[in-house]
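Dear colleague,

Please find below the structure that I am handing over to you.

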Amino acid sequence: MATILLSAELQAVIDAEVLENGFASPAEYLASLIRQDQKRRAKEQLGALLLGGVESGEPLEITAEAWQSLRIKRNAET
């Protein structure tokens, strides 16, 4: 476990959040913030990948058969 030194002001903010939102401890609250940040970053990364795909060339119609073909190809590569 890590020890984190915080200003009194930040500690007060954390303590208030723990009480107001029903967290069991400051560590649980901080873990929640970290998980939220990880989700936010994953969404940003996904958005960038999707945008890259959109900008990568001419659009293709994706049908159920096209998805199945991609799945078969991917499974063959693994």
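This is a predicted model: local features need pLDDT of at least 70, side-chain atom pairs count only at pLDDT 80 or more; totals for chains, interfaces and linings use all residues.

The largest share of the lining of the largest pocket, five residues, comes from α2. Helices here are DSSP runs (H or I, at least four residues; strands are E, at least two), numbered from the N terminus. A pocket is defined on a 1 Å grid over the protein atoms alone: it is an open set of points where a 1.4 Å probe fits, with protein on both sides within 12 Å along at least five of seven lines, and its lining residues have an atom within 4 Å of a point.

Residues are numbered from 1 along each chain as its sequence is written, and side-chain values use heavy atoms, with hydrogens and water left out.

Confidence

The pLDDT is the predictor's confidence in each residue, from 0 to 100. The chain averages 93, and 100% of the residues score at least 70.

The largest pocket

The space in the largest pocket amounts to about 260 Å³, where a volume is the space filled by probe spheres set on grid points joined across faces, edges and corners. Its lining consists of Met1, Ala2, Thr3, Ile4, Leu6, Gln11, Ile14, Pro26, Ala27, Leu30, Ala31 and Ile34. Two elements, α1 (8-21) and α2 (26-54), each give two or more residues to this lining. By type, the lining residues are ten nonpolar, two polar and no charged (nonpolar: Ala, Val, Leu, Ile, Met, Phe, Trp, Tyr, Cys and Pro; charged: Asp, Glu, Lys and Arg; polar: the others, Gly among them).

One of the lining residues is Ala27, which lies in helix α2. Ala27 is partly exposed, with a relative accessible area of 45%; buried means under 20%, exposed over 50%, and partly exposed in between (1.4 Å probe, protein chains only). Ala27 and Leu5 are 22 residues apart in sequence and 13 Å apart in space, C-alpha to C-alpha.

Salt bridges

How many salt bridges does a search of the whole structure find? The search finds three, a salt bridge being a side-chain nitrogen of Lys or Arg within 4 Å of a carboxyl oxygen of Asp or Glu. Asp37, Arg40, Arg41 and Glu44 are linked by such bridges in a network.

- Arg40 and Asp37 meet at 2.4 Å, N to O; both lie in helix α2, three residues apart, about one turn of the helix.
- Arg41 and Asp37 have their closest N and O atoms 2.9 Å apart, and they are four residues apart in helix α2.
- Glu44 and Arg40 meet at 2.7 Å, N to O, and they are also separated by about one helical turn of α2.

An α-helix has 3.6 residues a turn, so residues three or four places apart point the same way.

Arg41 is exposed at 52% relative accessible area. Partly exposed are Asp37 at 27%, Arg40 at 38% and Glu44 at 47%.

Helix α3

Helix α3 (residues 64-77) has 14 residues and reaches 20 Å from its first C-alpha to its last, close to the 20 Å expected at 1.5 Å a residue; the expected span is 1.5 Å times one less than the number of residues. This helix is hardly covered, as the count of buried residues in α3 is zero.

With kind regards
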